Number of protein chains: 2
Amino acid sequence: MITVEEASKIIQSKIRSFGVEHVSLMEAHGRTLKETICADQDFPPFNRVCMDGIAVSASSFEKGLRTFTIEGIQAAGSPQLVKKGIDSCIEVMTGAVLPEGADVVIPYEQVDLENGKATVSITSVKHMQNVHLKGKDKKKGDVLINEDTQITAAEIGVLATVGKSAIKVAKQPTVVIISTGDELVEVHEIPLAHQIRRSNVYSLQSLLLALGITAETRHIGDDKSSLSNEIESCFEQYDVLLFSGAVSKGKFDFIPEVLDNLGVKKLFHKVKQRPGKPFWFGELQAANGGRQATVFAFPGNPVSTYVNCLQYFYPWYKASIGVEVKKEYAVLKEDISFKPQMTYFLQVKLEQNQGEIEAAPVTGNGSGDLANLVKADAFLILPMEQTEFKKGNVFPILRYRSF
Amino acid sequence: MITVEEASKIIQSKIRSFGVEHVSLMEAHGRTLKETICADQDFPPFNRVCMDGIAVSASSFEKGLRTFTIEGIQAAGSPQLVKKGIDSCIEVMTGAVLPEGADVVIPYEQVDLENGKATVSITSVKHMQNVHLKGKDKKKGDVLINEDTQITAAEIGVLATVGKSAIKVAKQPTVVIISTGDELVEVHEIPLAHQIRRSNVYSLQSLLLALGITAETRHIGDDKSSLSNEIESCFEQYDVLLFSGAVSKGKFDFIPEVLDNLGVKKLFHKVKQRPGKPFWFGELQAANGGRQATVFAFPGNPVSTYVNCLQYFYPWYKASIGVEVKKEYAVLKEDISFKPQMTYFLQVKLEQNQGEIEAAPVTGNGSGDLANLVKADAFLILPMEQTEFKKGNVFPILRYRSF
C-alpha cells in the first residue's frame, strides 16, 4: 500500500492538457486564461481628467491670474478642445480628455462660477494636478494579465478594456461519473428496506461544478459484462472517468478487474489513508486512434468519495489546466489522537480568529456519515508519521466551503 | 457626508426578499436553501455491513466455533437473508444489509475460505463489529440541513439521499447594470482618441455571477430624457439597478437628479471613503401596482465601482436571501500611512503563513487603475479613525479571489 504523498506524486505525473478554446467575455468568468493579455494602447489612453472642475494653464495661474473666462465644456466622450486664451479656462468633466493648452485641473469645490467666469480660491497649483497622465498605469504593449491566470471580475474588466471579445481559455475535460451497486435507486424513488438512494454521483457532480466542469453521470449494475460494455463506450466520449464504489474486496467489486481487462493500466490501488483506503487510479493510453482516459475509482463510502475527489482529482485537474495549486492551512483547535499508521482526513469546521484560520473537529460516525459533511467546511490533513496532534499546530486543509 | 459604517447600516436596513422557487437537484448547487431538510428514514436505513467479509453470530464465536459453513452471499442491494445454522456464516459485502441471525462481521483479511467453509484467525469479536447500525448517524425526522444554508456538494449529497428532487431555494434578484457616459464604446470597437471601452458593467456582471446572479446590462447616453425613459422602463423589470458613473459633480452627472425626478428616494449620497466617495444609494417604493427597486449608483472609476459592489451590494444581497454575512480578516504586512479622514480600501495580495492570512499592499495608481486589481486579491478595510496602520495589525478584508 502506498502513502498519500506517493499517490499524489503518481497522479501529478499523469497531468494532461485538454486543449484550448475561445469563449465570449462573460463565458470566460471562472476559466483559466491561455494567452498573455497586453495593453492595446496606453492606460489611460489620453491625459484623463479625474475631477469635475475647470482646466487652466499653470503658467497663467503662476502669473497671478485667479479669474478665468469660461471658453467651453470638455465632456467625457467629446473630442479634445483647445483652450485658446491665456486668461481663459474650460470646464472639464471626470473621464474627459484634458484640453490642449491646459495642464491643471481645479475641482469645482475650489471654484466660484459667475457670469461666464470662474474664480479660484486657492494659492498654488501643481502641474498636471487632478490629471491621470496618459500611459501612467500601463504603456501600450505592457503585460496586463499573465497566461494561466484564473479569470475573476478583475480580469474581466481588463479584458473588456483592451477589447478582447473572444478569450482563449483552457478547455474543460469531459468527465463522466459512474455509480455501480445494485443497492442504489434514483433520487425520486422510494428505496426498499435493503436499498439506498444514489447520492455520491451528485456530490461529485457538484464538486466538479464548483470547478466549472459540467460532468455527466451514469449508473451501471453489478454485472461484469454490462460494466465492461458501458465503460468501453465511456472511453470513446470522455477524458476522465470517476467511479464511486466497487473497488474493495467484495465479491461484486468488479471495477479493478474490468478496467484491467479493458487495457487500463493500474497505477496504484489502495492508499494509507482514512477514509478512502481502497482508492484505485489508472490510465488508458491513447492507441490506434483511441482516446486517452484517466480513471479515478474512488471507494463508495460517501465521505471517502468526497475527500478523495478533493485530495486527488482537484489538484490533478488544476495542474492539468495550468493553474498553480496553492495549499491552505489551518490551526488545530483541539488535541486529536489517531493511532493507525495512515494519513487521517479529519472533518473540521473553520473559524476566523484575528486573521488566523482555526479548525475545530466535527465528530462524525465514519466514512458512511454523509450528513456530517454538512456540519463541516473542510478536512484537516493529519500526517501518517504522527499519532498525537496538538492544539495550536498547523496542518494543510482541503476546503469545500468558503466563509 | 456619512461614514462607511453609517452607509452600511442604512443599506442593511433596506434588505428585501425576492421570494423562493423550486429547482432541480443540480440547479440547487450554490443556491440558498429555503426549507429545513429532515431525514426521511433512519440513516443508515438498516444495519449496514461496512467491511467485505463474513457475518456470524457472536454467541457461536464465543462458544469456541472458528470454522463456519458458508450458507450464501448477502450482496449490497439484495433483500435481507436469514442465517440459519449455528455453525454457519454468510458472506457479506460492504453496503449490504446485515443478515438476520448475524451480529458480527469479520473482514476477509481475517478469514480463510476453503471448500465452502470459512475459518477465522482471530480470538475475540465485538457485538455488531463492522456494522454501521441502523439510525446511528441520524434518526428519521432528525434535522439534516438547516434553512438558509448555502448549498455545496455536501448538501447535494444529503438532498439526494433523502429523495429531494425539487429543492426550495431563495430566488435570485433580477438585476440590471447600467453604464452611462458618451466616452464609452463597446468591447469589440476601436475607441477614438477621447474614448474608452465599456468595462465596468462587465466587471460588475462578473462580480454578480460569482454570487450566482445573471445580471443584464444596458448603456444609456449622457442625456436626461433618454436616462429618464430607460431607467423608468428598468423599474418595470428589475429588482435592483446598479449604475456605474454620473453621480459626482460633473455637468453631465444626471443620475441623482433623474432618479429623484422618477420618485426614487435618496437614502444617502457620498460616503467618507476612498475610493468611491460619490456613491449614491436609494430606493423606489412599490406603489400603485409598481415594483419596488433598490438602486446602487456607484462612482464610475473602475476601482471605485468594484470595491463598492463588494462592500455594499454583496452584504445587502446576502442578508436579503438570508445568508449569514461573515467577515474575513487579514494581517497587514507593511506599515501604511493614510491621512484623510475617511475609510481607506487598500488593495492587497493575500498570502498564507502558518494558518494566518497576510495582506501585502499592492501599489496602484488610484481609482482609475483597473489593471492593478489583477495583481491584488482583496481590499483591506482601514478604518477612518486611524491614520497610521502598523504591520502585524488585523483588519477586515473584502476578498474577490480565493487561494
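Predicted model: local features only at pLDDT ≥ 70, side-chain atom pairs only at ≥ 80, totals over all residues.
Colleague: Which residues of helix 5 of chain A are buried, and how should I read their spacing?

Modeller: As a general idea, an α-helix has 3.6 residues a turn, so residues three or four places apart point the same way. In this model, helix 5 of chain A covers residues 224-237 and reaches 20 Å from its first C-alpha to its last, close to the 20 Å expected at 1.5 Å a residue. Its buried residues are A:L227, A:I231 and A:C234, and, seen down the helix axis, the buried residues fall within an arc of 55 degrees, so they line one face of the helix. On the other side, A:S225, A:S233 and A:E236 are exposed.

Colleague: What covers the buried residues of that helix?

Modeller: The cover includes strand 13, strand 16, strand 17 and helix 6, which belong to chain A.

Colleague: How many residues does each chain give to the contact between chain A and chain B?

Modeller: The size of an interface is often given as the accessible area lost when the parts come together. Here the contact is described by residues instead, with 92 from chain B and 92 from chain A. On the side of chain B that touches chain A, helix 3 of chain B gives the most, with eight residues, and by class that side has 43 nonpolar, 30 polar and 19 charged residues.

Colleague: How are the two copies related?

Modeller: Chain B can be laid on chain A with an RMSD of 0.0 Å by a turn of 180 degrees and a shift of 0.0 Å along the axis, and the copies are thus related as by a two-fold rotation axis. The same surface serves both copies, since 100% of the contact residues of chain B recur in chain A.

Conventions:
Residues numbered from 1 in each chain as written. Chains lettered and ligands numbered in written order. Contact = placed C-beta atoms within 7 Å. Helix = DSSP H or I, 4+ residues; strand = E, 2+ residues; numbered from the N terminus. Nonpolar A, V, L, I, M, F, W, Y, C, P; charged D, E, K, R; others polar. Expected span 1.5 Å × (residues − 1). Buried ≥ 20, exposed ≤ 12 C-beta atoms within 10 Å, placed from the backbone. Arc of directions from axis to C-beta. Least-squares fit on C-alpha atoms with pLDDT ≥ 70 in both.
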